[in-house]
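Subject: Structure handover

Hello,

Here is the structure I said I would pass on.

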Amino acid sequence: NAVSGMTAVGGIALAGGSFLPTTTVAGLSAAAIFLSSINIAGGFLITARMLDMFRRPGDPAEYNYLYAIPALGFMGAYLGASYAGATNLHQMAYLASAICCISSIGGLSSQTSARLGNAIGMVGVSTGILATLDAMRFQPEVLAQVGGLMGIGGLIGAVIAKRIAVADLPQLVALFHSFVGLAAVLTSGAFYLDDFAHLDQDVVHKVAIYLGTLIGGVTFTGSLVAYGKLQGLLLARAQSPR
(Lines give C-alpha, C1' and ligand atoms only; values in the text may rest on other atoms or scores of the structure.)
Protein backbone atom coordinates (compact mmCIF):
# COMPACT_ATOMS: atom_id res chain seq x y z
CA ASN A 1 0.00 0.00 0.00
CA ALA A 2 2.92 2.33 0.68
CA VAL A 3 4.28 1.54 -2.78
CA SER A 4 0.87 2.45 -4.21
CA GLY A 5 1.22 5.77 -2.43
CA MET A 6 4.59 6.29 -4.12
CA THR A 7 3.24 5.51 -7.60
CA ALA A 8 0.30 7.82 -6.92
CA VAL A 9 2.69 10.61 -5.88
CA GLY A 10 4.72 10.05 -9.04
CA GLY A 11 1.59 10.33 -11.15
CA ILE A 12 0.44 13.44 -9.30
CA ALA A 13 3.81 15.11 -9.93
CA LEU A 14 3.25 14.82 -13.71
CA ALA A 15 -0.48 15.54 -13.81
CA GLY A 16 -1.50 18.23 -16.24
CA GLY A 17 -4.00 19.44 -18.78
CA SER A 18 -7.36 20.63 -17.54
CA PHE A 19 -10.31 18.61 -16.28
CA LEU A 20 -8.94 15.88 -18.54
CA PRO A 21 -5.30 15.11 -19.43
CA THR A 22 -4.27 16.65 -22.74
CA THR A 23 -0.84 15.09 -23.36
CA THR A 24 0.62 11.59 -23.41
CA VAL A 25 2.58 12.28 -20.21
CA ALA A 26 -0.53 13.57 -18.43
CA GLY A 27 -2.54 10.59 -19.70
CA LEU A 28 -0.01 8.07 -18.39
CA SER A 29 0.15 9.86 -15.05
CA ALA A 30 -3.66 9.93 -14.82
CA ALA A 31 -3.81 6.18 -15.39
CA ALA A 32 -1.15 5.65 -12.71
CA ILE A 33 -3.09 7.78 -10.22
CA PHE A 34 -6.30 5.88 -10.91
CA LEU A 35 -4.76 2.40 -10.60
CA SER A 36 -2.80 3.36 -7.48
CA SER A 37 -5.92 4.73 -5.82
CA ILE A 38 -7.74 1.42 -6.32
CA ASN A 39 -5.03 -0.40 -4.41
CA ILE A 40 -4.58 2.28 -1.72
CA ALA A 41 -8.21 2.19 -0.60
CA GLY A 42 -8.82 -1.46 -1.37
CA GLY A 43 -5.49 -2.64 0.01
CA PHE A 44 -5.94 -1.12 3.45
CA LEU A 45 -9.48 -2.50 3.69
CA ILE A 46 -8.34 -5.96 2.63
CA THR A 47 -5.61 -5.86 5.28
CA ALA A 48 -8.19 -4.90 7.90
CA ARG A 49 -10.50 -7.73 6.84
CA MET A 50 -7.68 -10.27 6.92
CA LEU A 51 -6.66 -9.14 10.40
CA ASP A 52 -10.28 -9.42 11.56
CA MET A 53 -10.16 -13.10 10.65
CA PHE A 54 -7.81 -13.64 13.60
CA ARG A 55 -9.88 -11.68 16.11
CA ARG A 56 -11.06 -13.84 19.01
CA PRO A 57 -14.44 -13.40 20.73
CA GLY A 58 -12.81 -12.30 23.99
CA ASP A 59 -10.42 -9.76 22.48
CA PRO A 60 -10.88 -6.21 23.84
CA ALA A 61 -12.37 -3.57 21.59
CA GLU A 62 -9.94 -1.44 19.61
CA TYR A 63 -10.41 2.17 18.65
CA ASN A 64 -7.63 2.68 16.10
CA TYR A 65 -9.94 4.89 14.04
CA LEU A 66 -9.39 7.57 16.68
CA TYR A 67 -5.88 8.05 15.27
CA ALA A 68 -7.67 9.94 12.51
CA ILE A 69 -8.17 12.83 14.94
CA PRO A 70 -4.47 13.73 15.42
CA ALA A 71 -3.81 12.87 11.77
CA LEU A 72 -6.45 15.33 10.57
CA GLY A 73 -5.16 17.87 13.07
CA PHE A 74 -1.63 17.55 11.68
CA MET A 75 -2.83 17.83 8.09
CA GLY A 76 -4.96 20.83 8.91
CA ALA A 77 -2.08 22.57 10.69
CA TYR A 78 0.19 21.75 7.76
CA LEU A 79 -2.17 23.25 5.20
CA GLY A 80 -2.79 26.28 7.39
CA ALA A 81 0.92 26.98 7.80
CA SER A 82 1.57 26.36 4.12
CA TYR A 83 -1.04 28.83 2.93
CA ALA A 84 0.12 31.31 5.56
CA GLY A 85 3.44 31.48 3.72
CA ALA A 86 5.66 28.92 5.45
CA THR A 87 8.15 27.33 3.04
CA ASN A 88 9.50 23.80 2.57
CA LEU A 89 6.84 22.33 4.83
CA HIS A 90 6.23 19.55 2.34
CA GLN A 91 9.67 18.13 3.18
CA MET A 92 8.61 17.83 6.81
CA ALA A 93 5.37 16.18 5.72
CA TYR A 94 7.29 13.71 3.53
CA LEU A 95 9.43 12.82 6.54
CA ALA A 96 6.35 12.28 8.70
CA SER A 97 4.83 10.15 5.94
CA ALA A 98 7.96 8.00 5.65
CA ILE A 99 8.12 7.51 9.43
CA CYS A 100 4.47 6.44 9.51
CA CYS A 101 4.91 3.98 6.63
CA ILE A 102 8.02 2.43 8.18
CA SER A 103 6.27 2.24 11.55
CA SER A 104 3.33 0.60 9.82
CA ILE A 105 5.53 -2.18 8.46
CA GLY A 106 6.95 -2.70 11.95
CA GLY A 107 3.46 -2.82 13.42
CA LEU A 108 2.29 -5.39 10.89
CA SER A 109 5.09 -7.74 11.96
CA SER A 110 3.22 -8.60 15.17
CA GLN A 111 -0.38 -9.74 15.59
CA THR A 112 -0.85 -7.58 18.68
CA SER A 113 0.07 -4.37 16.84
CA ALA A 114 -0.98 -5.22 13.28
CA ARG A 115 -4.25 -3.27 13.31
CA LEU A 116 -2.48 -0.23 14.69
CA GLY A 117 0.17 -0.64 11.99
CA ASN A 118 -2.52 -0.67 9.32
CA ALA A 119 -4.04 2.54 10.71
CA ILE A 120 -0.66 4.28 10.85
CA GLY A 121 -0.01 3.23 7.26
CA MET A 122 -3.21 4.98 6.18
CA VAL A 123 -2.02 8.13 7.92
CA GLY A 124 1.40 7.92 6.26
CA VAL A 125 0.11 7.47 2.72
CA SER A 126 -2.53 10.18 3.14
CA THR A 127 0.07 12.63 4.45
CA GLY A 128 2.44 11.99 1.54
CA ILE A 129 -0.32 12.51 -1.03
CA LEU A 130 -1.53 15.69 0.67
CA ALA A 131 2.00 17.11 0.78
CA THR A 132 2.47 16.41 -2.93
CA LEU A 133 -0.80 18.08 -3.85
CA ASP A 134 0.17 21.11 -1.81
CA ALA A 135 3.68 21.28 -3.26
CA MET A 136 2.40 21.13 -6.87
CA ARG A 137 -0.06 24.02 -6.41
CA PHE A 138 -2.23 22.89 -9.32
CA GLN A 139 -4.75 24.99 -11.13
CA PRO A 140 -8.31 24.19 -9.98
CA GLU A 141 -9.03 22.20 -13.16
CA VAL A 142 -6.03 19.89 -12.72
CA LEU A 143 -6.74 19.55 -9.00
CA ALA A 144 -10.29 18.49 -9.86
CA GLN A 145 -8.89 15.95 -12.33
CA VAL A 146 -6.57 14.43 -9.72
CA GLY A 147 -9.26 14.46 -7.05
CA GLY A 148 -11.72 12.79 -9.39
CA LEU A 149 -9.27 10.07 -10.38
CA MET A 150 -8.36 9.34 -6.77
CA GLY A 151 -11.97 9.50 -5.61
CA ILE A 152 -13.31 7.15 -8.29
CA GLY A 153 -10.36 4.77 -8.00
CA GLY A 154 -10.55 4.72 -4.22
CA LEU A 155 -14.31 4.10 -4.32
CA ILE A 156 -13.90 1.18 -6.73
CA GLY A 157 -11.17 -0.36 -4.58
CA ALA A 158 -13.17 0.09 -1.37
CA VAL A 159 -16.36 -1.40 -2.80
CA ILE A 160 -14.56 -4.44 -4.21
CA ALA A 161 -12.62 -4.99 -0.98
CA LYS A 162 -15.81 -4.75 1.10
CA ARG A 163 -17.95 -7.04 -1.04
CA ILE A 164 -15.48 -9.77 -1.99
CA ALA A 165 -15.87 -13.09 -0.21
CA VAL A 166 -13.26 -13.92 2.45
CA ALA A 167 -12.17 -16.99 0.52
CA ASP A 168 -11.35 -14.81 -2.49
CA LEU A 169 -9.18 -12.29 -0.63
CA PRO A 170 -5.80 -13.85 -1.61
CA GLN A 171 -6.47 -13.61 -5.34
CA LEU A 172 -7.86 -10.10 -4.92
CA VAL A 173 -4.61 -9.08 -3.23
CA ALA A 174 -2.70 -10.48 -6.21
CA LEU A 175 -4.93 -8.60 -8.66
CA PHE A 176 -4.54 -5.33 -6.77
CA HIS A 177 -0.77 -5.82 -6.69
CA SER A 178 -0.79 -6.10 -10.48
CA PHE A 179 -2.37 -2.64 -10.57
CA VAL A 180 0.54 -1.30 -8.51
CA GLY A 181 3.07 -2.84 -10.89
CA LEU A 182 1.31 -1.40 -13.92
CA ALA A 183 1.10 2.01 -12.21
CA ALA A 184 4.86 1.91 -11.60
CA VAL A 185 5.48 1.16 -15.29
CA LEU A 186 3.15 3.97 -16.38
CA THR A 187 4.76 6.46 -14.00
CA SER A 188 8.26 5.51 -15.15
CA GLY A 189 7.21 5.85 -18.77
CA ALA A 190 5.69 9.24 -18.11
CA PHE A 191 8.85 10.47 -16.41
CA TYR A 192 10.94 9.23 -19.34
CA LEU A 193 8.79 11.03 -21.90
CA ASP A 194 8.80 14.17 -19.79
CA ASP A 195 12.56 14.33 -19.26
CA PHE A 196 14.28 12.06 -21.79
CA ALA A 197 16.25 14.95 -23.31
CA HIS A 198 18.15 15.47 -20.03
CA LEU A 199 18.62 11.88 -18.90
CA ASP A 200 22.21 11.70 -20.16
CA GLN A 201 23.15 14.27 -17.52
CA ASP A 202 20.99 12.72 -14.80
CA VAL A 203 22.19 9.21 -14.08
CA VAL A 204 20.21 8.85 -10.84
CA HIS A 205 16.96 9.74 -12.59
CA LYS A 206 17.76 7.36 -15.44
CA VAL A 207 18.45 4.46 -13.06
CA ALA A 208 15.25 5.18 -11.13
CA ILE A 209 13.19 5.07 -14.34
CA TYR A 210 14.85 1.82 -15.41
CA LEU A 211 14.31 0.14 -12.03
CA GLY A 212 10.73 1.39 -11.78
CA THR A 213 9.94 -0.07 -15.20
CA LEU A 214 11.71 -3.37 -14.49
CA ILE A 215 10.35 -3.98 -10.99
CA GLY A 216 6.90 -2.71 -11.95
CA GLY A 217 6.79 -4.98 -14.99
CA VAL A 218 7.83 -8.03 -12.97
CA THR A 219 5.25 -7.18 -10.30
CA PHE A 220 2.52 -6.69 -12.90
CA THR A 221 3.05 -9.94 -14.78
CA GLY A 222 3.92 -12.00 -11.68
CA SER A 223 0.84 -10.80 -9.82
CA LEU A 224 -1.41 -11.57 -12.79
CA VAL A 225 0.00 -15.12 -12.92
CA ALA A 226 -0.57 -15.46 -9.16
CA TYR A 227 -4.14 -14.24 -9.58
CA GLY A 228 -4.74 -16.67 -12.43
CA LYS A 229 -3.45 -19.62 -10.40
CA LEU A 230 -5.39 -18.70 -7.25
CA GLN A 231 -8.55 -18.14 -9.29
CA GLY A 232 -8.11 -21.46 -11.09
CA LEU A 233 -7.64 -19.83 -14.49
CA LEU A 234 -4.06 -21.13 -14.88
CA LEU A 235 -2.40 -24.41 -14.01
CA ALA A 236 -1.10 -24.28 -10.45
CA ARG A 237 1.71 -26.81 -10.89
CA ALA A 238 5.24 -25.59 -11.48
CA GLN A 239 6.30 -25.28 -15.09
CA SER A 240 9.79 -26.34 -16.16
CA PRO A 241 11.40 -25.02 -19.36
CA ARG A 242 12.25 -27.56 -22.06
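The notes below go from the overall fold to the cores, then to the pockets and the cavity.

Overall fold

Please keep in mind that this is a predicted model. Along the principal axes, the C-alpha trace spans about 55 × 50 × 30 Å. Of the 242 residues, 36% are buried. Taking contacts between residues at least 6 apart in sequence, 78% join residues that are at least 24 apart.

Nonpolar cores

The largest nonpolar core holds 15 residues, and Ile12, Ile33 and Val146 are the ones that touch the most other members. Four helices each supply at least two residues of this core: H1 (2-13), H2 (24-52), H5 (114-136) and H6 (140-163). Setting aside residues up to four places away in sequence, Val146 touches Ile12, Ala15, Ile33, Leu133 and Phe138. Apart from this core lies another, of 11 residues, which include Ile46, Ala161, Leu169 and Leu172. As background, nonpolar side chains in soluble globular proteins tend to be buried together.

Serine 37

Ser37 is found in helix H2. Is Ser37 buried or exposed? Its relative accessible area is 3%, under the 20% cut-off, so Ser37 counts as buried. Beyond its neighbours within four places in sequence, Ser37 is in contact with Leu149, Met150, Gly153 and Gly154.

The largest pocket contains about 770 Å³ of space. Its lining has 34 residues, and Ala2, Val3, Gly5, Met6 and Thr7 lie nearest the centre. The elements that give two or more residues to this lining are H1, H4 (89-108), H5, H7 (169-195) and H8 (203-230). H1 gives the most, with 9 residues. By class, the lining of the largest pocket has 17 nonpolar, 17 polar and no charged residues.

The second largest pocket has a volume of about 590 Å³. It is lined by 26 residues, of which Phe44, Asn118, Ala119, Met122 and Val123 lie nearest its centre. Helices H2, H3 (68-83), H5 and H6 each supply at least two residues of this lining. The largest share, 8 residues, comes from H5. The lining of the second largest pocket divides into 17 nonpolar, 5 polar and 4 charged residues.

Cavity

How many cavities of 30 Å³ or more does a search of the whole structure find? The search finds 1, and the volume of the largest cavity is about 30 Å³. The residues lining this cavity are Leu51, Phe54, Gln111, Ala114 and Arg115. By class, they come to 3 nonpolar, 1 polar and 1 charged.

Summary

For quick reference, the main points are these:

- Val146 is one of the residues that touch the most other members of the largest nonpolar core.

Regards

Notes
Residues numbered from 1 in each chain as written. Predicted model: local features only at pLDDT ≥ 70, side-chain atom pairs only at ≥ 80, totals over all residues. Heavy atoms only, no water. Core = buried A, V, L, I, M, F, W, Y, C linked by side-chain atoms within 4.5 Å. Buried < 20%, exposed > 50% of the residue type's maximum accessible area, 1.4 Å probe, protein only. Contact = heavy atoms within 4.5 Å. 1 Å grid on protein atoms, 1.4 Å probe; cavity = no way out; pocket = protein on both sides within 12 Å on 5 of 7 lines; lining within 4 Å. Points joined across faces, edges and corners; volume = space filled by probe spheres on them. Nonpolar A, V, L, I, M, F, W, Y, C, P; charged D, E, K, R; others polar.
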